[in-house]
Amino acid sequence: MRHPPSQPTLDDRAFDAIAALAYRESGIQLLREKKLMVQSRLRHRLRALKLDAFSAYTEHVLSEQGTNERRFMISALTTNVSHFFREAQHFDVLTTCLLPVFRDRVDQGKRIRIWSAGCSNGQEPYSIAMHLLACEPALEHADFRILGTDIDPHVITHARAGIYSGAQIAGIPPRHRAHFLAAMNDSDDAYAVSASVKRVVSFQELNLFSQWPMRFPFDAIFCRNVVIYFDQQTQERLWPRFGDALAPGGLFFLGHSERVANPARYGFRSAGPTAYHRSGDPLHAAVQ
């Protein structure tokens with residue numbers, strides 16, 4: 001009787017090397033209790049490279065020849081779970097604080113920019129677009145753009161396609177579903193985001209710990225359920241960078257279990273639960 005070949009196992013030495021590399025490359029903190037999860041998620045990378053041991057994989061990914069593999073490693077270790085219109089209170093804050101400003105900008109022909117940092121499969125930036133276009137249809141033809149970025153090239157490809165299953169679109173309000181989605185003719189369970197939404201949303205692969213190529217400040221930044229994977233020291237490296245990327249009075253949104261400790265230190269002040277204004281805020285003053 002033939003037995004199936006044994007699966008490669010991840011020992012502590014290889015885990016520590018992978019965890020250290022993941023931290024340097026992406027800020028993700030992997031604790032020892034995550035070893036079995038890391039082992040499970042990376043086994044397919046060993047198969048893809050025709051390697052039979054984690055020691056060989058570790059040697060490769062740390063080498064100069066393994067630079068490209070690091071992207072695949074981080075992709076495998078990253079949890080890409082998202083939903084349309086999650087944390088609805090943030091959309092209310094966005095509408096209350098910035099929609100009047102955006103309407104003035106439309107009339108004046110001025111730019112409006114929003115960033116979804118850690119956009120996963122695209123549900124977040126598309127939700128923002130649907131919400132704002134429904135509130136103010138004139139935005140469709142204005143200088144209005146939403147940028148979605150993620151470290152994982154695979155989810156960026158998915159996001160650009162803008163095609164989702166019936167289960168994935170469950171969180172979209174019926175009025176938005178009717179207006180901004182269309183059933184795919186060749187599938188019983190696939191829906192495509194409309195051209196009007198895709199026109200204002202673009203996607204780009206980006207590591208938050210690399211140089212950010214964006215040249216102009218954003219009116220709002222959503223970075224929800226991303227920094228929860230980072231330790232406090234790593235988060236504190238990001239807060240001032242996000243502050244610098246926001247226009248005065250811009251809004252910064254985190255996930256429901258994330259907080260900026262001592263927000264004033266980084267130029268933020270509260271705008272509600274897990275929402276922050278950048279201080280010195282003419283945008284906020286304009287809507288009082």
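Trainee: Are W239 and F252 buried or exposed?

Mentor: In this predicted model, W239 is buried, and F252 is buried as well.

Trainee: Why is the pair of W239 and F252 called edge-to-face?

Mentor: The ring centres of W239 and F252 are 6.0 Å apart, and the cut-off for a pair is within 6.5 Å. The planes stand at 70 degrees, and over 60 counts as edge-to-face. The pair is therefore edge-to-face.

Trainee: Which elements does that pair link?

Mentor: W239 belongs to helix α10 (residues 232-245) and F252 to strand β8 (residues 246-254), 13 residues apart. Ring pairs also join W239 and F252 into a cluster with W115, W212, F218, F242, F268 and Y276.

Trainee: What does F252 touch, leaving out residues up to four places away in sequence?

Mentor: Its contacts include I221, C223, W239, F242, L246, V260 and F268. T274, A275 and Y276 are also among them.

Trainee: Which residues touch the most other members of the largest nonpolar core?

Mentor: They are M73, W115, L208, F242 and F252, in a core of 43 residues. Elements that each supply at least two residues of this core include α1 (12-26), α4 (67-77), β1 (112-117), α10 and β8. The largest share, six residues, is from α1. A separate second core has 40 residues, F84, L133, F144 and L251 among them.

Trainee: How many aromatic pairs are there by the distance rule?

Mentor: The count is 15. One of them is Y126 with F203, at 5.4 Å centre to centre and 70 degrees between the planes. The distance is within 6.5 Å and the angle is over 60, which makes this pair edge-to-face. Y126 lies in helix α6 (residues 123-135) and F203 in strand β6 (residues 201-205), 77 residues apart.

Trainee: Why do Y126 and F203 count as buried?

Mentor: The limit is under 20% relative accessible area. Y126 has 1% relative accessibility, so Y126 counts as buried. F203 has 9%, so F203 counts as buried too.

Trainee: What makes R241 a charge over the ring of W212?

Mentor: The charged end of R241 is 4.1 Å from the ring centre of W212, against a limit of within 6 Å. R241 is placed over the ring, and that label also requires a position within 35 degrees of the ring normal.

Trainee: Where does R71 lie relative to F72?

Mentor: R71 lies over the face of F72, 5.9 Å from the ring centre. That distance too is within 6 Å.

Methods:
Residues numbered from 1 in each chain as written. Predicted model: local features only at pLDDT ≥ 70, side-chain atom pairs only at ≥ 80, totals over all residues. Heavy atoms only, no water. Phe/Tyr/Trp six-rings, centres within 6.5 Å; stacked < 30°, edge-to-face > 60°. Helix = DSSP H or I, 4+ residues; strand = E, 2+ residues; numbered from the N terminus. Buried < 20%, exposed > 50% of the residue type's maximum accessible area, 1.4 Å probe, protein only. Core = buried A, V, L, I, M, F, W, Y, C linked by side-chain atoms within 4.5 Å. Contact = heavy atoms within 4.5 Å.
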